[in-house]
Amino acid sequence: MASIIDVCRICGSTELHDVLSLGDMPPVNSFLRRESDAAVEKKFPLAIVFCPQCTHVQTTHLLDPKDIFEDYIYFSSMSSSVVRHGHTLAERYAKEIALAAGDLVGELASNDGCILKPFRDTCRVYGVEPAKNIAQVANDEGVPTLPEFFNSKTARKVREEQGPARLIIARNVVAHVPEVVDFIRGVAHWLTDDGIFHVEVPYVVEMADKVEFDTIYHEHFSYFSVAALDRLFREAGLVLWDVEDLGLHGGSLIARGKKAGTEPTANVKRYLEKERAEGYSTIAPLRRFAERTRALQTRIPEYLYSLKAGGKTIAGYGAAAKGVVLSNYCNVGKDILDFVADRSPYKQGKWMPGVHLPVVSPDRIFAAKPDYLFVMAWNFFDEIREQLARYETELAGKFVLPVPEPRVVATAPVSAARPETKK
Ligand SMILES: [Zn+2]
């Protein structure tokens, strides 16, 4: 069962307005071990609403923990861009706040410790990661990690045992926390008085403007605007002090918090004014987003069928949450895609929830030689293109991207292939 959320996660208002329903959707990590498991597959309503009081956009249904699949494992270290990002953050904060040997840097949902590792050259690190097997990997690799969910209670324990943190990093986790105000209260408690809270979240304005409806799934509860983040931080005793564009993963923000009493930077004011000017204090732009999403529901499969005309073949790439939502909502199944390739060995050999497409190793692309590769993990497209360079250069394969409009990507000239940049 899923419980219905009828109270705003940030401000507690009970006046929530419907934005978009994606229908009944399987939990994005419920990969089938056997194709016959499809008979007992569960689906739950997936929809988002808007709170006119605080402008927060949020999902309406909370899944029962037993319906969320725990055995799916994602290791951050498997993505070279995440590894590079860790180095970028370590260099940035070593300079910006002059981290020293005795200082503590904490990370929430720290995964296998890959972001914290480069900080160890400068200071102490401590991760909090609820997936016990992943936390164990981090501990084994020398990144001390508490295998628990973070909340205000955990924060008291961590501060007592490890001391306050000068920097707390939360990448792609704040949007996944149901009781988000309590989570940020925990951060406020763990932070030193001059500490920085570094948050990375998908930006609702980008989602709406670029029709990134596949960002919506059950475990992704919150879709933040800067105005909503500002309100959330204040509810929890922090100030939204700075905002910038993340650059990585397209369409995400870095929001930085400090303790109450700090004056926000001009960036915060600029973002807030821009959101107001574009109507994001109202539901109007979200209603437009919902209309464009409903149009894509037929446009995407029609486009893929048109590519197949004349006997061409298409395979999918990326069995991540986005791929599950996209393929299910747009009904992109076995009659369109021959298979879906994904780098995660935990997904290979299984079937995607709902559409039941077989998930295989990327090696299969070079054996089956599909004419087109439909990139469902489009947020990692640059990285995927780099990894699969031979698909374009040797097989003359073409990539297809789904949003904001389905399209074939122009083939990169060989001389323009980007070398792996080391930072
Ligand atoms: Zn609200």
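Biologist: Let's start with Cys11. Is Cys11 buried, partly exposed or exposed?
Modeller: This is a predicted model, to be clear. Cys11 has 22% relative accessibility, so Cys11 counts as partly exposed. The cut-off for buried is under 20%.
Biologist: And Cys114, buried or exposed?
Modeller: Cys114 is buried, because its relative accessible area is 6%.
Biologist: Remind me what a disulfide is?
Modeller: A covalent bond between the sulfur atoms of two cysteines.
Biologist: New topic. Where is Ser110?
Modeller: Ser110 sits in the loop between strand E6 (104-108) and strand E7 (124-128).
Biologist: Why does Ser110 count as buried?
Modeller: Because its relative accessibility is 2%.
Biologist: What does Ser110 touch?
Modeller: Leaving out residues up to four places away in sequence, Ser110 touches Leu116, Gly127, Val128, Glu129 and Thr145.
Biologist: Now the rings. How many aromatic pairs are there?
Modeller: Eight aromatic pairs. One of them is Phe197 with Phe233, a tilted pair. Their centres are 5.8 Å apart, with 35° between the planes.
Biologist: Where do Phe197 and Phe233 sit in the chain?
Modeller: Phe197 is in strand E10 (residues 191-202), and Phe233 is in helix H6 (residues 226-235). They are 36 residues apart, and the pair links distant parts of the chain. Both Phe197 and Phe233 are buried.
Biologist: What about Tyr203 and Tyr271, what kind of pair is that?
Modeller: Edge-to-face, because the planes are at 70°. The ring centres lie 6.0 Å apart.
Biologist: Which parts does that pair tie together?
Modeller: Tyr203 is in the loop between E10 and helix H5 (204-209), while Tyr271 is in helix H7 (residues 266-277). So the pair ties together parts 68 residues apart in sequence. Tyr203 and Tyr271 are both buried.
Biologist: Which residues form an aromatic cluster?
Modeller: Tyr126, Phe150, Phe183 and Trp190 form one.
Biologist: Last bit. Which ring does Arg364 lie over?
Modeller: Arg364 lies over the face of Phe339, 4.7 Å from the ring centre.
Biologist: And Arg390?
Modeller: The charged end of Arg390 sits over the ring of Phe366, at 4.2 Å from its centre.

Note on methods. Residues numbered from 1 in each chain as written. Predicted model: local features only at pLDDT ≥ 70, side-chain atom pairs only at ≥ 80, totals over all residues. Heavy atoms only, no water. Helix = DSSP H or I, 4+ residues; strand = E, 2+ residues; numbered from the N terminus. Buried < 20%, exposed > 50% of the residue type's maximum accessible area, 1.4 Å probe, protein only. Contact = heavy atoms within 4.5 Å. Phe/Tyr/Trp six-rings, centres within 6.5 Å; stacked < 30°, edge-to-face > 60°. Lys NZ or Arg CZ within 6 Å of the ring centre and 35° of its normal.
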